[in-house]
Amino acid sequence: MNAMLDVEGLEQRFHLNPGLLDRLSFEGGRPRLKDLVVHAVNGVSFSIAKGEVLALVGESGCGKSTVAKTIARIYDPSSGRIRIEGEDITDYDHAKLLPVRAKMQMIFQDPFASLNPRQKVRDIVAEPLLQQVGDGARAEVADKTEALLARVGLNAEHGGRYPHQFSGGQRQRIGIARALSVNPGLIIADEPVSALDVSIQAQILNLMMDLRDEFGLAYLFISHDLSVVHHIADRIGVMYLGFMVETAPRDQLFARPRHPYTRALLSAAPSIRPSRMTEEIELTGEVPSALSLPTGCCFRTRCPFAWDRCAVERPVLQDIGDGQSAACHLIDEPERDNQ
Amino acid sequence: MMQAFLASQFFFNWRRNLSAIIGSVIIAIFIVIVAFGPLMVAQDPYDLTQLNLLDSYKPPAWLPGGDPRYLLGTDGQGRDVLASIIYGTRVSAMIGIAAMLCSCLIGTSLGLLAGFYGGRLDAIIMRIADLQLSFPSMLIALFLMSAVGTGVDKVLIALTAVGWVVYARTVRGSTLGEIEKEYVQAARVAGLTNAKIIRRHVLPNVLTPLIVIATVQVGTFILIEASLSFLGVGVPITQPSLGLLIKNGFDVLFSGLWWTSVFPGLMIMAMVFGINLFGDFLRDELNPRLK
Amino acid sequence: MTMQSESRDPLLSVRDLRTWFHTFSGVVKAVNDVSFDLAQGEIMGLVGESGGGKSVVGFSILGLIDPPGRIEGGQILLDGEDLAKASEDRLRKIRGREIAMIFQDPMTSLNPVHTIGRQMDEMLRLHTDMDEAARRKRCIEMLESVGISQAEDRLRAYPHQFSGGMRQRVVIAIAMLAHPRLIIADEPTTALDVTIQSQILKLMKRQVADHGASMILVTHDLAVVSEVVDKITVLYCGQVVERGDVRDVISAPSHPYTRGLIDSIPNPDHRQPRLSQIPGTVPDIRNLPKGCNFRDRCPRAQALCAQEEPKLSPTRQSLFAACHFPIGTGGDA
């Protein structure tokens, strides 16, 4: 059986287009035009089974949202392969992508920017489905829209209103109904609760979990919040500077994180239940620029364990058993882990 | 509908803004003049059979020698100045509005294309716009008019050529902002074609700032048209606008026959003043950053 | 209203503060009868969800409420002086010198066209009578104390040359320059990543302790609060619903709203298939229900809650709650 989503060696580069003078540099006295390239995603591979929830976590600029939007083909990938149920969609054009859109939908972060302020709620929800079935089936689409609104906790009367008449949590429900309209097997959720108040956040997370059980949905769940991720994910991938540095089943990642960055992330997360982490890795400094990646390991500039090997050789993700993999030289030389 | 408007914040603020009220009243008066003007005066100034040369150069009615039939006096052909002004106002206002609509249509379309597709298309459109902005609009209009000749349609072409740039630039800027928004990305994920995305998601969200520009531009166009006509390259003598009336009266202005050009001048001033007052109010109301 | 008995004289004492906004669609009672005390050296968390009025409290103390907002009543006593009645001139002197502020977005408090050094120097010139050399020395010391290396060179840098975390360090350095006695920090780490957030929180806590200052930390994030503050005041619909020492509030709150907030946070130690959630949404603050504002969402609401507005009164330990049926005092667990 094919995986719902299979991503292999995904890379995403953005060419910045500043003025000529900004790009001008002198090498050995000769003027050269340098190309400014943001290395947003650098060879990320993972797959999601049907009905599975994979969370990508990391700090801002780690490329997790870019991965999501590249898979949803909002951006075209620079290289790598994307397969949906075994079908390679990497090079599909608009027309060929349309049937794929029925298998894969997206929920966005900002409940205020993700709904067109000039569209009525029922038109927003119906939009993906109308592209699939055509304008001829408006009557069936209207029935389905009403049912969807009811399923996410809104009513038919809400369908005639505009987005600004709703609170953040209700707007996110509308966004979820829109994604569900085509009965997708995969929903890409880009920070779906990070803009919401904590009590509303719980409502939306519960709704997403219920829908998963009801429709057998797989989620690619993007978040920076470890407590949210722990609640919703089956497996977790940790990203840093466009690289996947560790993947593991949820409980294993929280119980036994292997990559120093994962460990730092876990110990930095504030908690109202302070018993959780005893190990404390405090990071110094800041994330390097994605315009010029460090040589060797992407994390070595902030890693408390880094040694000379890390500057020369880039570690690759290696299997360390029980479904856990990490990209770190410490796995080969565990004696250097002196914490 | 009416009730909703009366209860809206827009109406609430309008009632508390004296210059907005004055502007609206002036505009309302001009709308009545444009719509029903010919019914309000006895004479059709361009029907030669109704003119009487014996009545030429009568001063306004309240001055010695004035004739109560001609409230604002008459010109050299015995035309009622008030009637000429009312007919001229129609021509001026129609040209201003029509040229605004043409500019808006062309400018908005080009701005949408430039902003949405970017790249070479964007570069070409915006460089033309930049080039155009580096010349005074009056100069461009004058140049075009002397090249294509006079006439109401030619004036429209000249004004549109001058006026589209401001829409294109504004729309391009807002479009660049809109296409970054998540609802446009959501439309892509929904599988909409670019044409549908532009029509349904981008266009409705870039229109609001254009309302202000369009309002003020009608005033500007009325002034430019008046200048062109005053310089003799505007509308033909058979369809005189306010600008042409001023020019006709200007020749005899210093012979003490001031009324033939001063009253049309006051009319232009009042019209543009009203439009600008109302435009300023709209600018404050519709600009989300000032809220 | 019941007063909390304080052993020390409070540095800041807010009494029945009311800040209302007179908008087109009605009067927004953003802050309505809010009272609390803050002792010297204490850190208080002001917690609530969006629309709770927590930021407005901070702005009211600083005298930064603009029309259509107005302080309608109450006192803001800083060492006995009522800031609610102080002149704009006096407030300008107090801001920066007595009370410093740290906002969510450091770019709003830093001027993008001046160097960091110039902005720090200006602060000292305004509020102290140091000479130029002394001021420069103090600026460098201050930058170093917030963990910025090569401080001398960094004085010549512009805000945009710093990353978000570094900018927030600079803002903290500027805030601490004039030895303020009270710091109001409004969501200071919300825009930052977790690893940077924990650095900044530790830094703020240390700076406040080193200077013997007090701090009000305005935030929506209970987790952040629980790691930094001494006591918590929880706001809902512009009113204090619960206050008390941080450990008591977090471990066993007595107001159902506080309970709901805490339970909404996923707990990695006891993962449950469903999160407990507060049903419904915050009521329209222009049109609050009679009685308790929280009753429509409250699992414990009874008939009394619809009739009578609950008053803030002591419940258990250090806790005060505005609830007719506080948790842990009635018949249930």
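**Close-up views of the predicted model**

**Figure 1. Pairing of T19(C) with V31(C) in the predicted model.** The bridge partner of T19(C) in β2(C) is V31(C). Helix α1 of chain C, residues 54–62, packs on the sheet and touches β1, β2 and β4 (69–78) of chain C. The direction of this helix makes about 110° with that of β1(C). The model shown here and in the following views is predicted.

**Figure 2. Strand order in the open sheet of chain C.** Four strands form an open sheet in the order β2-β1-β4-β5 (chain C), and their pairing is antiparallel. Strand β1 of chain C, residues 12–23, runs antiparallel to β2(C) and is joined to it by nine bridges.

**Figure 3. The cis peptide bond between P67(C) and P68(C).** P67(C) and P68(C) are joined by a cis peptide bond, with omega about 10°. P68(C) lies in the loop between α1 and β4 of chain C.

**Figure 4. The salt bridge between R274(C) and D210(A).** Across the interface of chain C and chain A, one salt bridge is found. R274(C) forms this salt bridge with D210(A), and the closest N and O atoms are 2.5 Å apart. Ten residue pairs across the interface of chain C and chain A are in polar contact, with both residues at pLDDT 80 or more.

**Figure 5. The side of chain C that touches chain A.** At least two residues of this side are supplied by each of α7 (164–177), α8 (194–211), α9 (222–228), α10 (246–251) and α11 (256–264) of chain C. Helix α8(C) gives the largest share, seven residues. By residue class, the side of chain C that touches chain A comprises 16 nonpolar, 15 polar and nine charged residues.

**Figure 6. Extent of the contact between chain C and chain A.** Chain C contributes 40 residues to the contact, and chain A contributes 37 residues. The area buried between chain C and chain A is about 3,400 Å². Carbon and sulfur atoms give 52% of that area.

Figure 7. The position of R73(A) is in the loop between α2 (64–71) and β6 (79–84) of chain A.

Methods:
Residues numbered from 1 in each chain as written. Chains lettered and ligands numbered in written order. Predicted model: local features only at pLDDT ≥ 70, side-chain atom pairs only at ≥ 80, totals over all residues. Heavy atoms only, no water. Pairing = 2+ DSSP bridges. Contact = heavy atoms within 4.5 Å. Axes fitted to C-alpha atoms, helices over the stretch in contact; angles between N-to-C directions. Buried area = accessible area lost by both parts, 1.4 Å probe. Salt bridge = Lys/Arg side-chain N within 4 Å of Asp/Glu carboxyl O. Polar contact = N/O pair within 3.5 Å; in protein donor to acceptor, adjacent residues only side chain to side chain. Nonpolar A, V, L, I, M, F, W, Y, C, P; charged D, E, K, R; others polar.
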